[in-house]
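Have the sequence and the model open side by side.

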Amino acid sequence: MRITLERSNLLKTLGHVHRVVERRNTIPILSNILLRAEGANVQFKATDLDLEITEAAPSMVEKAGATTVPAHLLYEIVRKLSDGSEVSLAVNPEGTAMAVTSGRSKFSLQCLPEGDFPDLTAGTFSHTFKIKAADLKMLIERTQFAISTEETRYYLNGIYFHTVEADGQLKLRAVATDGHRLARSEIEAPSGSEGMPGIIIPRKTVGEIQKLVEDPEAMVLFEVSDAKIRLSFGEIVLTSKLIDGTFPDYQRVIPANNEKEMRVDCSTFASAVDRVSTISSERGRAVKIALSDGQMVLTVNNPDSGSATEEIAVSYEGDLLEIGFNARYLLDITNQLTGEDAVFKLADPGSPTIILDSSSADALYVLMPMRV
């Protein structure tokens, strides 16, 4: 194999695919990236056996062929080459080494045979639809922070995508929860998504999808089966296994009788929570919220270092209510809100609270209280 590529094209493609490769691997071939040159393109492929990304880059192919080389090493070499240069990749006749040449720089990388490279065969997909990249990114960004990191409850280690009938319309909904908080976001269901199986997209795949959305106006081809998804972003194709588990019935934890409503300016509230939580300990990040007519008092007590209080004006007309929350969780939710106001729907100090975005009816958050 002998090919020449523009450094910028090569770097961009390697930037997309090399991230999938784990830095520590017990299987040597999984540390490598597969290059296959034919026609006027080189296809790059990387996998960790659960997730696979392929992308084609334009190149001058003098001699077609395929090989695998260390992913992170090749990426670092190309990253350090000078801007605007051309990079030549040539594999020796034995197929054991690849020469990487650019200007006066020359590197030699060990190759492993392409026949050893695993293929994440996708199988057939039952549902195919197109979704706007901006919508996909929004669904992920509004829910990603609530993904559980607890390995024992593996079925919570991702975002649950499914279609659901709501207010007489079919919606594509994304939900994530870690048992302490729940995030739900939805858009109008794209044509073709009707009746798709509910799928749990793993945390690592979710992170990669976010990074691959570069043009918000682009359309992403979304293909779904019971066990895998395939997303096509133009030349980039991401294939991933799904989490094999049943997502819990999240509707049961969304309270229906939270009658007390409190509205607060989102940025004022977030800044106040951030300030008073400075005094909290790493273990107990509890902030107490005391609500009375038109006023909220935030209090943090830390037996080891002191206490903090702050008052802010709110729109609230109910009885006096004191409730505690994890400050970090409150800030995670307020970071997602795009409207001026955050709307809290409360019941009592021991019941979950609903938090809504004043500018969007398509997002809903549930937060469990803490004892303070």
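Contact here means heavy atoms within 4.5 Å. With that in hand, take D48. Leaving aside neighbours within four places in sequence, D48 is in contact with V20, E22 and K204. Keep in mind that this is a predicted model.

The protein chain contains six helices and 25 strands. Its C-alpha atoms fill a box of roughly 80 × 50 × 35 Å along the principal axes. Of the 372 residues, 53% are buried. How much of the contact count comes from residues 24 or more positions apart? Such pairs account for 67% of the contacts with a separation of 6 or more.

Next, the surface and the charges. The protein chain exposes about 17600 Å². Carbon and sulfur atoms supply 46% of that area. There are 38 positive and 52 negative side chains. The centres of the two sets lie 6 Å apart.

Now the helices. Start with α5, residues 266–276. Its buried residues are C266, F269, A270, A272, V273 and V276. Where do they sit around the helix? Seen down the axis of α5, the buried residues fall within an arc of 165°, so they line one face of the helix. An α-helix has 3.6 residues a turn, so residues three or four places apart point the same way. Several elements cover the buried residues of α5. Among them are the strands β18 (260–265), β19 (286–292), β20 (295–302), β21 (306–313) and β23 (341–346). Helix α6 (327–334) is also part of the cover.

Helix α4 spans residues 203–212. Is this helix enclosed or open? Seven of its ten residues are buried, so α4 is largely enclosed by the rest of the structure. The buried residues are T205, V206, G207, E208, I209, Q210 and L212. Note that E208 is on that list.

Cysteines come next. The structure holds zero disulfides. C111 is buried, with a relative accessible area of 9%. C266 is buried too, at 6% relative accessibility.

L337 lies in the loop between α6 and β23. With a relative accessible area of 10%, L337 counts as buried because the cut-off for buried is under 20%. Not counting residues up to four places away in sequence, L337 touches C266, A342, I355, L356, D357 and Y365. L337 and A361 are 24 residues apart along the chain, and their C-alpha atoms are separated by 11 Å.

Now return to D48. Its place is in the loop between β3 and β4. Is D48 buried or exposed? D48 is buried, with a relative accessible area of 17%. From D48 to N335 is 287 residues in sequence and 32 Å in space, C-alpha to C-alpha.

L49 lies in that loop as well, between β3 (41–47) and β4 (51–58). L49 is not a glycine, yet has a positive phi of about 80°. At 36% relative accessibility, L49 counts as partly exposed.

Where is S59? S59 lies in the loop between β4 and β5 (60–63). At 13% relative accessibility, S59 counts as buried. Leaving out residues up to four places away in sequence, S59 touches I3, T4, L5, A40, N41 and V42.

Two exposed loop residues remain. D167 lies in the loop between β11 (158–166) and β12 (169–177). Phi of D167 is near 50°, a positive value in a residue other than glycine. At 79% relative accessibility, D167 counts as exposed. G103 is in the loop between β8 (97–102) and β9 (105–110). G103 counts as exposed, at 74% relative accessibility. How far is G103 from S193 in space? The two are 50 Å apart, C-alpha to C-alpha, and 90 residues apart in sequence.

Key
Residues are numbered from 1 along each chain as its sequence is written. This is a predicted model: local features need pLDDT of at least 70, side-chain atom pairs count only at pLDDT 80 or more; totals for chains, interfaces and linings use all residues. Side-chain values use heavy atoms; hydrogens and water are left out. Helices (H or I, at least four residues) and strands (E, at least two) are DSSP runs, numbered from the N terminus. Buried means under 20% relative accessible area, exposed over 50%, partly exposed in between (1.4 Å probe, protein chains only). Accessible areas come from the Shrake-Rupley method with a 1.4 Å probe; for residues, only the protein chains shown count as cover. Lys and Arg count as positive and Asp and Glu as negative; His and the chain ends are not counted. The place of a charge is taken as NZ of Lys, CZ of Arg, CG of Asp or CD of Glu. The arc is that of the directions from the helix axis to the C-beta atoms. A disulfide is a pair of cysteine sulfur atoms within 2.5 Å.
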